[in-house]
Amino acid sequence: MAEPQGWIDCHDPFGRDRSMTVLVEEDRVLLVSPPGESAVMSVTQTRRLHRLLDQAADRM
């Protein structure tokens, strides 16, 4: 079963609040996007996602 690594606030293309989730499962990192498979992120949110992905990779 995948372990949650964290989540990022974002928006969908219509401006509705959404989130992306980063999960770790054995030797894989899963990035779960909001419904509709699109996420609009600010520069700050993108940097947070980068940090979460780095942390997930370090756990492997």
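Leaving aside neighbours within four places in sequence, D12 is in contact (heavy atoms within 4.5 Å) with R18, S38 and V40. The model is predicted, so local features need pLDDT of at least 70 and side-chain atom pairs count only at pLDDT 80 or more, while totals for chains, interfaces and linings use all residues. Residues are numbered from 1 along each chain as its sequence is written, and side-chain values use heavy atoms, with hydrogens and water left out.

- D12 lies in the loop between β1 and β2; helices (H or I, at least four residues) and strands (E, at least two) are DSSP runs, numbered from the N terminus.
- D12 is buried, with a relative accessible area of 4%; buried means under 20% relative accessible area, exposed over 50%, and partly exposed in between (1.4 Å probe, protein chains only).
- The side chain of D12 makes a polar contact with the side chain of R16 at 2.6 Å.
- A polar contact is a pair of N or O atoms within 3.5 Å; within protein, one must be able to donate a hydrogen and the other to accept it, and residues adjacent in sequence count only if both atoms are side-chain atoms.
- A polar atom of the D12 side chain also lies 2.9 Å from the backbone nitrogen of F14.

**The sheet**

- The order β1-β2-β3 describes an open sheet of 3 strands with antiparallel pairing.
- β1 and β3 are the edge strands, each with a single partner, so one side of each has no neighbour in the sheet.
- On average, neighbouring strands of this sheet are turned by 15° against each other, direction ignored; axes are lines fitted to C-alpha atoms, for helices over the stretch in contact, and angles run from 0 to 180 degrees between N-to-C directions.
- β1 (residues 3-11) and β2 (residues 17-25) pair over 8 bridges in the antiparallel sense; two strands pair if DSSP finds at least two bridges between them.
- Within this pairing, I8 has M20 in β2 as its bridge partner, and G6 stands opposite V22 in β2.
- The hairpin of β1 and β2 has 5 residues between the strands, and G15 in its turn has a positive phi of about 85°.
- β2 also pairs with β3 (residues 28-32), in the antiparallel sense and over 5 bridges, with L23 opposite L30 in β3.

- E26 sits in the loop between β2 and β3, a hairpin with 2 residues between the strands.
- Most residues other than glycine have a negative phi.
- E26 is not a glycine, yet its phi is positive, at about 50°.
- The relative accessible area of E26 is 73%, which makes this residue exposed.

**Helix α1**

- Helix α1 (residues 43-58) packs on the sheet and touches β1, β2 and β3, and its direction makes about 170° with that of β1.
- α1 has 16 residues and reaches 23 Å from its first C-alpha to its last, close to the 22 Å expected at 1.5 Å a residue; the expected span is 1.5 Å times one less than the number of residues.
- Q45, L49, L52 and A56 are the buried residues of α1.
- Seen down the axis of α1, the buried residues fall within an arc of 65°, so they line one face of the helix; the arc is that of the directions from the helix axis to the C-beta atoms.
- Elements covering these buried residues include β1, β2 and β3.
- V43, T44, R47 and D58 are exposed on the other side of α1.
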